[in-house]
Amino acid sequence: MTIGTHSNTKTNAILGVVVVVLALIIGFIWIPADIDTGIFEKARRRLEIGDAFAPTLATTLLGLGGALLIAEGLTSKSNLKVDARSLVFALGLLSVFAIFIALLLWTGPILVALFGAEGAEYRLLRDTAPWKYLGFITGGTFIVAALISFMEQRFTIKALVIGTVASLAMIILYDLPFDDLLLPPNGDF
Amino acid sequence: MSVLDYVWLGILAVFQGPELFSFFGMSVSITIAMVLAGFLLGIIVGSTPGLAGPMALAISLPILISIFGYSQEALLPVMGFLIGVMKGATVGGAVPAILFNTPGTPDAYMTTLDGYPMAQKGEAGKALRIAHFSSASGDTFSDIVLIVCAPFLAILVESYLDLPEKTALLILSMAFIAAVVGGSPAKGLISASLGLLIAYIGTGEDFTPRLTMGYQGVASGFPIAAVILGVLILGEVFKSIEDLWQENKKDQSLTKPVQHKASRLSFETIKGLFPYIARSAFIGTAIGALPGIGSTLAATLGYASGKFRHQKVQDQNATSFGNGAPEAIAATEAANSSVSGANLIPVLSLGIPGNASAVFLILAADSIGSFNPGPSVFRFTVDSVNPELVVAFGLFTMMMLANLMNWTIGGVFMRSMGIMALVPKQKLLPVILLLTLTAIYVQETKMAAVWFTIGFGFLGYFMRRLAISPLPLVIAFILGGRLEETARGAFSATGSDPWFLFSSYTSIAMLVAAVGVVFILSIKGKPSA
Amino acid sequence: MMKKTLFAGIAALGMLSATASAALAEWKPSGPIKLIIAFKAGGGADTQGRLIAEHIEKTRGWKVIPENVTGKGGVNALSALKDQPADGTAIGILVTESLGYNMAAAKKSGLKPSDFTPLATTAGFQMGLVAKTDKGWKSIDDVVAAAKTGQKIRFGAMSPRLADLAYLLGKAKGIEFNTVMVRGGKGVMNGLNAGDIDIGFGAGIQNKAVAAGDMINLASGMSTRLKISPDAPTLRELGVGFDADGYFVTVAPAGLPDEARAALTGAIEEAVTKEGSKAAGMMKKAFGGATVIKGAELDKLIQEGFDSAGVLMKASQ
């Protein structure tokens, strides 16, 4: 495990504060608003543990952990490596995933609308080749090629080929031998 | 049905499973083939730096379930494959550690210290043989301890623990895992409580699902696979992607070291190594039996204890630890390999997973159904057959079978795997990512599940960056539902007694231990796991 | 679930010979049928759904794709099914309790029986009140006697409706049970075996143990007596005004065209009753044979189940 060498005494304490605030929000706003039964419930004339009990307990522990972390952070050095670059990286990665899922979901329906038979609907073709593979191949090729290019910081045809081959291999692995399995995105239609 | 009858049924279940093909009139069951396939895959995966056993387990599980379905007959082949992977990966990790100074799995790090110097001296073959021999010994020893201990522990638990004590036991296990693995007790607590919270989203007794923010997609809770694969696998993949992106220009050229002496291990050598192996096997097994402490700590302790003995016993001319001492490899590999079997003691006897591999075995059992790891498995019935017990003995049989494979062909196969370290991670990781997401989709058939997995991947990524171990989260997530259910049951069963946790000395003792372990470790700091 | 298209040839032959159902076969789904199974993958209920799907694919040539939507006693599956198109390309398999008590209790879901078109039941439960033989109890009266000596009796229930019935049984007998909610029939069996609970409802899962003499059915949870333990009295005979009758049932969203309903119902009925079909074999083994209720009779059963749920909930408050 690579842990960076930034010796920042306060990082842990700050993280602790964030966790405590999070626990307070969950405990005092989310749980009361989004759970129908209380911490205890009257059912069939008996007192029973309600649905809010376990989440409340978990939240209390979360807050306790945060408080402990503040104490730890104030007394000892931390060795954290989280900086703006991690956030930029995470946002970049997230947008790659967003494009990936959009390709999965929309390639098929768009191509059916453009080239399918009159009145054809993707929902009804979700188990018909070649329509059912379109989204997966484009999406799969995209994400593999994009990530390889990202790590190598250059775009190569090789990356594209690896993506396509990998997607095809997964079709062979999952779709051809099994009748009941649905590749993305065909279960959503 | 005597105990021996069950043992025999378990062995039969493995050998007389559905026939794959027949070999000179002898039918080979598909279960045996799956154990072998898993074992070989495990060695390959273990020998590939950046791929670890859990990752292979995570990806193969959905594929296996697609092949074998959810029937009772599916259990042994699927579990056999997973056990094979687990064992293979344990052995394989030493290959790139010795040949290229890069550990294939985290716990093979200590092996690089002496394995690589040996390889540089032209003794790569010998180092690999020692690693294999020690690993196989440690693994086999640990399995024997498992087979002997798990049933007794389970029977003990089942006959002495009532619902309140079972609740206390779950609390103790989670506290222990959080305190020991979390990075620090505070971080462990955060990790575990996040796992609990995630487990409580969308579930509950009431007909209105809780904490869903009105979103029907989580009404039956987050899919187990999405949480586990997201936090454990994607989190690690994201981190590796970022690391590779940042060090992109670094050119990795690995050359296989030349080897002078291709030597079989002489009896003398083995005799000399034996004390180190035995000592480490004990250490590894003891550590493995405690939930949450991983093989990395076992390897560290095994190495340290071996070094201590080496300094005391060996003469001046012997190679010292760190400079290519064969004893060091033996001590490390025996220790980290003997964790895996013992790790299943809490899984099979209590249903509590202690490490990532065990998490996937639980996930497999849970997905297929008809086998619930836990105390109820070891119910020795007299008149009727308890099918779960047969499965348990089937598991033991497969473990011993995998050990047999390890002893016979494991070494040869392992020594040929040096090439795996040359696979470029940049090309491998994206394919693994796609495979994981596809596997999730195939199981859940909802794009939402893919989003959840990605989301939990980011959670796992940031936790790693903040030095918070994701393992307590995953284990708490798995146990969260059971904890709530048991506590509810205990409360109702005692006639709504709010003090049910303090109703017996056993449960009070467990609670005290739970608080104590967190408290003591926060003061003293944690052992380096 | 290996590739079924390997058997496509055989299936095609089967279709040709299925001329008997030619009248029904006129209706055809416009695409693959989504079968929402309200149970966890792997259990008996799930297997039942998948076998029915397999049979329909083989004999009708319609593509059926099973999908599991679990949780909240089938309410989650119903919510998912409600939003699907009502053209015969989406059906669900669940229990009548989901459309009755559970739907009534899940007020926030906004679901009502008229949101769905019931197709056919496939099997009924053999709901019994079970205890381990080594407790020494031979009848409910023994349990009541034990409770009256001060012993706390733990009662395992796998759904709120059964918990209500447990409460009412206690009330009828003048005792109070400590009712423990457990997860499914498997939870009841494990609880009984571990001694965590003393008695509990089992929907047939206990049959093996009862036959072997390890467990005993103390009462029938249904309006009729149990096939395997004809001596055990029903809940009504014990003074409880309700029963736990229940069936596995297939439904489609409301507004399903009549010919689609007839065709789907016919296909499902054939799958669970036809001699030699895998689904029928499984029904016999697991549930003692198929019970098919359909059409107007089923509509009435579902509506009554929903209406009586409110009465039961009130009675046990």
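Residues are numbered from 1 along each chain as its sequence is written, and chains are lettered from A and ligands numbered from 1 in the order in which they are written. Because the model is predicted, local features need pLDDT of at least 70 and side-chain atom pairs count only at pLDDT 80 or more, while totals for chains, interfaces and linings use all residues.

Helices (H or I, at least four residues) and strands (E, at least two) are DSSP runs, numbered from the N terminus.

Chain A contributes 60 residues and chain B 56 residues to their contact, two residues being in contact if their C-beta atoms, placed from the backbone, lie within 7 Å. On the chain A side, at least two residues each come from α1 (9-34), β2 (46-49), α2 (53-75), α3 (84-115), α5 (131-152) and α6 (157-175). Helix α2(A) gives the most, with twelve residues. By class, this side of chain A has 41 nonpolar, ten polar and nine charged residues; Ala, Val, Leu, Ile, Met, Phe, Trp, Tyr, Cys and Pro count as nonpolar, Asp, Glu, Lys and Arg as charged, and the others, Gly among them, as polar.

Chain C is assigned domain 1 (5-18 + 30-124 + 246-315) and domain 2 (128-220), with bounds from an automatic or database domain assignment. The centres of the two domains, taken over C-alpha atoms, are 30 Å apart. Eight residues of domain 1 are in contact with six residues of domain 2. On the domain 1 side, α4 (96-105) and α11 (295-315) of chain C each supply at least two residues.

Also in chain C, five strands form an open sheet of mixed pairing, in the order β7-β6-β8-β5-β9; strands pair if DSSP finds at least two bridges between them. Strands β7 (178-181) and β9 (215-220) of chain C stand at the edges with a single partner strand each, so one side of each is left without a neighbour in the sheet. Strands β5 (residues 128-132) and β8 (residues 199-202) of chain C run antiparallel and are joined by four bridges. Within β8(C), Ile199(C) is the bridge partner of Ala131(C).
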